[in-house]
Amino acid sequence: MRSQILEAAQGKNSKVLVLVGFAEALSAPEVVWSLVDEGFEVIAFARRGRRSSLHHSRYVTCYEITPPETDLAKGLAELNALLVSLATSVKESQRVLFPLDDSAVWMCGRVSLSHGWTLAGPSGVNIDLALDKSVQIQAAMDAGFKVPRTFLAETPRDILNNNIAFPFILKPAQSVLPIKNRLRKYRTWICGSREELEKALNEWDGAMPLLAQPLINGVGEGVFGLATPGHIRAWSAHKRLRMMNPHGSGSSACISQKVSEEFIAPIEKLVSTAEWRGLFMIELLRDASGVAWFMEINGRPWGSMALARRQGLEYPAWNINLSIGTTVTIAEPLGAPGIVCRHLGRELMYPIFVLRGPKSKALRKWPSFWKALRDVVTVRRGDFLYNWRRDDPKVLFVDSYYTLRDQLSKRGR
């Protein structure tokens with residue numbers, strides 16, 4: 001087995017403290033376990049008043065701050081104060097700040113990195129690349145990806161006056177946006193008719209621009225890697241088996257696959273042009289004719305990190321080592337095709353969403369409830385679970401409970 005060595009300046013003798021957040025991120029438990037297994041000391045910051053599975057892990061302590069969705073200025077001030085407090089009270093000689101979700105990427109790019117803190121996430125102009133989908137689309141087009149025809153709308157009139165052909169999708173141009181001292185996210189609408197479009201426009205408050213794209217029916221795929229100076233290492237890929245909500249959501253089950261050669265050159269060009277460093281995910285949608293369309297870039301740990309780790313791909317730990325200049329050995333070949341990983345809470349929700357039925361006339365192909373139920377209850381030898389660790393078992397069960405509770409409460413509203 002051939003080995004690749006990440007370029008580095010020093011060895012791994014110094015102790016390292018890693019502050020991760022937000023604790024509520026889907027990938028948080030797997031990220032923490034990856035870091036702990038590498039020997040790092042891990043602390044998490046969490047949204048005050050919102051419990052997560054990470055609060056029940058034996059491997060991490062959670063410090064709560066004001067949610068940026070409630071009071072952005074206060075949340076930023078408290079995160080800054082936490083950085084100062086940890087720097088003065090913890091003995092570790094190296095300290096790393098590692099954002100796990102889009103809100104954390106936005107915040108961590110704006111806190112003070114004094115007192116010896118290093119940011120293991122997007123910085124500078126790459127914060128825009130990580131969070132602004134219009135920036136991502138231009139970068140993808142320049143790199144040679146196939147990108148759906150995209151129209152930027154700032155007002156309802158922009159959409160109505162352009163006579164966009166049905167069906168199409170309206171999605172926020174930015175992952176998060178500060179509005180009136182709150183960091184806000186926006187939903188996505190599928191428009192299969194004039195009636196559905198008018199409903200979407202009535203719900204949209206116009207505070208964030210929207211991207212309009214043709215609705216593409218297909219299977220989601222992801223390509224992952226670790227960008228180092230001059231190279232991309234640890235390539236891997238997966239495709240979705242099921243989405244928790246067939247109307248559109250994250251996956252509840254995914255399967256590893258080989259990285260398609262068609263993605264290598266455009267990803268290398270995109271990463272090189274952006275001078276990106278660290279882990280990344282490229283999300284694609286492959287239609288019925290076999291064409292893979294660019295969807296977005298994730299510049300922080302992705303939800304299916306469990307699948308990567310079941311293949312021996314320790315992206316979180318490698319990302320921290322890269323950020324502090326530590327030598328890391330990555331063995332090849334990496335990533336084994338055919339490995340399935342399932343999120344228990346989302347799998348249990350999947351038949352419920354299927355039973356509810358499609359919310360748009362544009363979704364003509366809808367899963368059968370009985371097939372959905374059979375798929376969920378069928379467990380094959382070799383299937384793995386998200387967020388399961390034998391010596392930290394509470395995490396899986398609490399994570400499943402919170403997933404069911406949160407999703408069912410949304411349905412109730």
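Reply: Let us begin with burial: Q136 counts as buried because its relative accessibility is 1%, where buried means under 20% relative accessible area, exposed over 50% and partly exposed in between (1.4 Å probe, protein chains only). This is a predicted model, in which local features need pLDDT of at least 70 and side-chain atom pairs count only at pLDDT 80 or more, while totals for chains, interfaces and linings use all residues. Residues are numbered from 1 along each chain as its sequence is written, and side-chain values use heavy atoms, with hydrogens and water left out.

Me: Where is Q136 placed, and which residues does Q136 touch?

Reply: Helices are DSSP runs of H or I with at least four residues, and strands are runs of E with at least two, numbered from the N terminus; Q136 belongs to helix α5, residues 133-143. With contact taken as heavy atoms within 4.5 Å, and residues up to four places away in sequence not counted, Q136 touches L129, A130, L131, F294, E296 and I297.

Me: Which residues of α8 are buried, and what do they pack against?

Reply: In α8, the buried residues are F263, I264, P266, I267, L270, V271 and A274. The buried residues of α8 pack against α4 (126-131), α5, β13 (218-228), β14 (231-243), β16 (278-287) and β17 (292-298).
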